[in-house]
Amino acid sequence: MAAAGGELAYDAAHAAPVIAGAARDGGAAEAEPAMPAGGAGCHAGAAELARAARAAGGSELLDRLAADYPRGPHDQPQSMCPAFGSLRVGLRMRRVATVLSGSACCVYGLTFVSHFYGARRSVGYVPFNSETLVTGKLFEDIREAVHLLADPDRYDAIVVTNLCVPTASGVPLKLLPAAINGVRIVGIDVPGFGVPTHAEAKDVLAGAMLAYARAEAEAGPVAAPAGGRGERPTLALLGEMFPADPVMIGAMLAPMGLAAGPVVPAREWRELYAALDGIGVAAIHPFYSAALREFAAAGRPAVGSAPVGHDGTAAWLSAVGDTFGIAAARVAAAQNAFLPAIRAALSAAPVKGTITLSGYEGSELLVARLLVECGAKVAYVGTACGRTEASRADREWLEARGVTVRYRASLEDDCAAVEAVRPDLAIGTTPVVQKAKERGIPALYFTNLISARPLMGPAGAGSLQEVVNAAIGNGGRMERMRAFFEGVGAGETAGVWEGQPNLQPQFRALHLKKLEKRRRAEQAEEMI
Ligand code: SF4
């Protein structure tokens, strides 16, 4: 180690001459690429990436995303990379290949998470470097990749996704062939600076697939559902649900002479035709703006909310009856068949306690409704998704009962609600749950423990009550654990220590002195 100009140096790197460079022959300034050649990621700032995307001709795309996924009060709630939503939708479909185009670090993270959630499927990747990105060769590489992959014996469709950097650079996926050897090619842009949450990214792909399927259906005959067409008209269901929920919804629709249609996002391409072939669509999850646009274009009306709880089910069945012109007697038959059982389930194990609830799945308002009907006092609902028409009925119902509903809620909003309300149970995302547990408040993960259970009908009420009552009942244990671990893992006791921490307080004192000295020097400069 040697002193170099007053600084400690570990090698001779500081002595290397700096190449100043010279003007190129001709001196003509090269056109500045819309995107820095090395690309940029989440860290570059959404504004900079959006600027680059617009410069690269992506204004129409960004304007449409802004209209579909309204912002405010926060532009981008803290959650995982949005592209995970669309990636997961593609990976869950039979005979569909997925190809990502983006920075290697993004693709690493996305494939890691998708395999963590049991994708059991390869994720295609077309890498790029500064040269292929700037020269347009990346698009040629993507085209070559889909040509190599387009095997009709293996695939119905290939989904190619532009992540942040290729979107900001304007890699033109719309120029890909619509089909190769009969394999459909669906290109989508899912930039983190345009799609706020991974939930809404599911809609980007669902909407693109529905648009493709609708064009096919309009052009000529398409494949019938695998199990054939039923006799009753169907209502397609929008939103990923617990598998028992569509079955329960189908049972509720039966007295009205209707059946539950396919769930979108679909598991198979031909289900998209069947979804569009119904009489309408139930927007169980309210953020599917692009998908709803396709249903509307196909002349299929939408019904918002969902059959959760007693009042929710009664209102939803009425709305279905009104929208599709079902005779009042049939609507009443459906209500009479299910409402008494739901009421009985609700009163069997009422929830007593105050709850705050937050999540990024898009079903938060429905869960809050059900909790209120279960007897809970829900003080706050935060959802990372935006405010949409399809969630209006749920929002109004909740607000009429004194519940604060926050769209595009940030982590800070959710944590502040826990701090202010001090609930008997906090349902939320991982950091919210952590915050609550640190304070000895029982907490449940929304995604793993609430989203992954039925919500509809009598089974939904019973299932939610069971897990919520068990968690609230743990309050005493949480308090004992908090007292036992008091001070552990905080401040200087964080981490693993073999012995007593060597605190070295003189270092901090020295740093404080230096900072103070610098502050005084800056003040003195300002005065000059
Ligand atoms: S693709 Fe996802 S991980 Fe990559 S920069 Fe964009 S938001 Fe971040």
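1. Start with the right-handed β-α-β unit: strand β8 (residues 234-238), helix α9 (residues 244-253) and strand β9 (residues 259-264) make it up. Right-handed here means that, with the strands pointing away from the viewer, the path from the first strand over the helix to the second runs clockwise. Helices (H or I, at least four residues) and strands (E, at least two) are DSSP runs, numbered from the N terminus.

2. Before going on, keep in mind that this is a predicted model, in which local features need pLDDT of at least 70, side-chain atom pairs count only at pLDDT 80 or more, and totals for chains, interfaces and linings use all residues. Residues are numbered from 1 along each chain as its sequence is written.

3. How do β8 and β9 pair? They run in the parallel sense, over four bridges; two strands count as paired if DSSP finds at least two bridges between them. You can look for T234 opposite A259 in β9, and for L237 opposite V263 in β9.

4. β8 also pairs with strand β10 (residues 280-282), again in the parallel sense, over three bridges. In β10, G280 is the bridge partner of L235.

5. Is β8 covered or open? It is mostly covered, as five of its five residues are buried. Buried means that 20 or more other C-beta atoms lie within 10 Å of a residue's own; 12 or fewer makes it exposed, anything in between partly exposed, and C-beta atoms are placed from the backbone. T234, A236 and L238 point one way, L235 and L237 the other, and all are buried.

6. Have a look at L258 too, in the loop between α9 and β9. L258 counts as buried because it has 24 C-beta neighbours inside 10 Å. Leaving aside neighbours within four places in sequence, L258 is in contact with R232, P233, T234, L235 and L253. Contact means that the C-beta atoms, placed from the backbone, lie within 7 Å.

7. Elsewhere, helix α3 (residues 83-91) packs against helix α4 (residues 104-116) at an angle of about 50°, with the axes 10 Å apart. That makes α3 oblique to α4: under 35 degrees is roughly parallel, over 145 roughly antiparallel, 65 to 115 roughly perpendicular, and the rest oblique. At this meeting, A83, F84, L87, R88 and L91 in α3 face L110, V113 and S114 in α4.

8. Finally, the whole chain: it has 21 helices and 16 strands, and 44% of its 528 residues count as buried. Its C-alpha trace spans about 90 × 65 × 45 Å along the principal axes.

Note on methods: Axes fitted to C-alpha atoms, helices over the stretch in contact; angles between N-to-C directions. Contact = placed C-beta atoms within 7 Å.
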